[in-house]
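Subject: Structure handover

Hello,

Here is the structure for you to take over. Please open it beside this email and follow along.

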Amino acid sequence: MDDTDWLAQQFEQHRSHLRGVAFRMLGSRAEAEDAVQEAWLRLSRSGAGEIDNLAAWLTTVVARVSLDMLRSRSSRREDPNVEHRRDSLAFSDEGDPEHEAMVTDSLGPALLVVLGLLAPAERLAFVMHDMFAVPFEEIGSILGRSPNAAKQLASRARQRVRGSALNPAANVTRQREVVDAFLLASRNGNFDALVSILHPDVVLQADAAGVQMGAATQLIGSAAVAGTFSGRALAAQPALVDGAAAIVWAPGGQPKAVWEVTISNDQIVHMYMIAAPETLDELDLVIPDN
């Protein structure tokens, strides 16, 4: 095996991960493949001899390529939702050898539309940190900003993803009502009520620590997510994370897991379970008295 074949073999081991990063950044299957191909071209030109962490290097390259593509898209004032809808249809094409991988990596139409509202830098900070646990130091390097600025971008993106309204207080009140209804239905094992509160394309994700606790890496669809929570959440309680409604499990007052919740039109469109202690420590978490 020559050096080129060896390098191609190493790249293929990371292709699925890179595709997931690019798709979450771009929301477009075709553009995600273009970004991954560009990463391969850059790797083949540079070689891997002086790269200490190939996975991290490739992730950074794909993130930068995706950021450039998002900025180019914004400058052309394209409507990303058109591409989102076209790509969501492409996932159902039978006979596509990459169908299963792309379905696994997909976010669901609801969240894709919401992510499409973010500015490129906000989207990169949100996706890379909240979905892939990339440290803010690395995100800041990609964006050419300080780690604190990257953290602020991610926080602002979370608020935008959750659909912050012009009247934040009223919006949070309504978010809390939706979360309260979700927790009540969960505790009572009311499957139908849970399904009604969840968007049909809702996405439930968990960080690596959450997966170690037994959570699924990703579930898509109201029935699947309702099945996970029905009859559970007995010890969970409502909370605020970065000023938005969320769910926390805090035995003895010590947070062990937080579910960030994205709500649109009074339905939950995305839930993200955070269990990594270092990430929990970074959250602006408030647990109300009642």
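A cavity here is a set of grid points where a 1.4 Å probe fits but cannot get out. By that definition the structure holds 1 cavity of 30 Å³ or more. Please keep in mind that this is a predicted model.

**Overall**

The protein has 14 helices and 7 strands. Of its 290 residues, 48% are buried. Take the contacts with a separation of 6 or more: 65% of them link residues 24 or more positions apart.

**The sheet**

The 7 strands form an open sheet. Their order is S2-S1-S6-S5-S4-S3-S7, and the pairing is mixed. The edges are strand S2 (218-220) and strand S7 (285-286), each of which pairs on one side only.

Start with strand S6 (267-274). S6 is mostly covered, with 7 of its 8 residues buried. Strand S1 (residues 198-206) pairs with S6 in the parallel sense, over 5 bridges. Along that pairing, Val 203 stands opposite His 270. Ala 206 stands opposite Met 273 of S6.

Strand S5 (257-264) also pairs with S6. These two run antiparallel, and 7 bridges join them. Val 258 has Ile 274 in S6 as its bridge partner. S5 and S6 form a hairpin, with 2 residues between them. In that turn, Asn 265 has a positive phi of about 55°.

Gln 205 stands opposite Gln 218 in S2. Leu 204 has Leu 219 in S2 as its bridge partner.

Helix H13 (residues 222-229) lies across S1, S2, S5 and S6. H13 runs at about 55° to S1.

**The cavity**

How much space lies in the largest cavity? About 90 Å³. Its lining has 10 residues. Nearest the centre of the largest cavity lie Phe 126, Asp 130, Glu 260, Thr 262 and His 270. His 270 is the S6 residue that Val 203 stands opposite.

Which elements each supply at least two residues of this lining? They are helix H7 (120-131), helix H9 (147-161), S5 and S6. H7 gives the largest share, 3 residues. By class, the lining of the cavity divides into 4 nonpolar, 2 polar and 4 charged residues.

**The largest pocket**

The largest pocket has a volume of about 970 Å³. It is lined by 44 residues. Those nearest its centre are Asp 130, Met 131, Phe 132, Ala 133 and Tyr 272. Asp 130 is worth a look in both places: it lies among the residues nearest the centre of the largest cavity and among those nearest the centre of the largest pocket. The pocket lining has 19 nonpolar, 12 polar and 13 charged residues.

**The second largest pocket**

About 450 Å³ of space lies in the second largest pocket. Its lining has 23 residues. Thr 228, Phe 229, Arg 232, Trp 259 and Met 273 lie nearest the centre of this pocket. Met 273 is the S6 residue opposite Ala 206.

Helix H10 (168-188), S1, H13, strand S4 (244-249) and S5 each supply at least two residues of the lining. S1 provides the largest share, 3 residues. How does the lining of the second largest pocket divide by class? It has 18 nonpolar, 4 polar and 1 charged residues.

**Where to begin**

Next, go to the cavity, where S5 and S6 each supply at least two lining residues. End at the second largest pocket, where S1 gives the largest share of the lining.

Best wishes

Methods: Residues numbered from 1 in each chain as written. Predicted model: local features only at pLDDT ≥ 70, side-chain atom pairs only at ≥ 80, totals over all residues. Heavy atoms only, no water. 1 Å grid on protein atoms, 1.4 Å probe; cavity = no way out; pocket = protein on both sides within 12 Å on 5 of 7 lines; lining within 4 Å. Points joined across faces, edges and corners; volume = space filled by probe spheres on them. Helix = DSSP H or I, 4+ residues; strand = E, 2+ residues; numbered from the N terminus. Nonpolar A, V, L, I, M, F, W, Y, C, P; charged D, E, K, R; others polar. Buried < 20%, exposed > 50% of the residue type's maximum accessible area, 1.4 Å probe, protein only. Pairing = 2+ DSSP bridges. Contact = heavy atoms within 4.5 Å. Axes fitted to C-alpha atoms, helices over the stretch in contact; angles between N-to-C directions.
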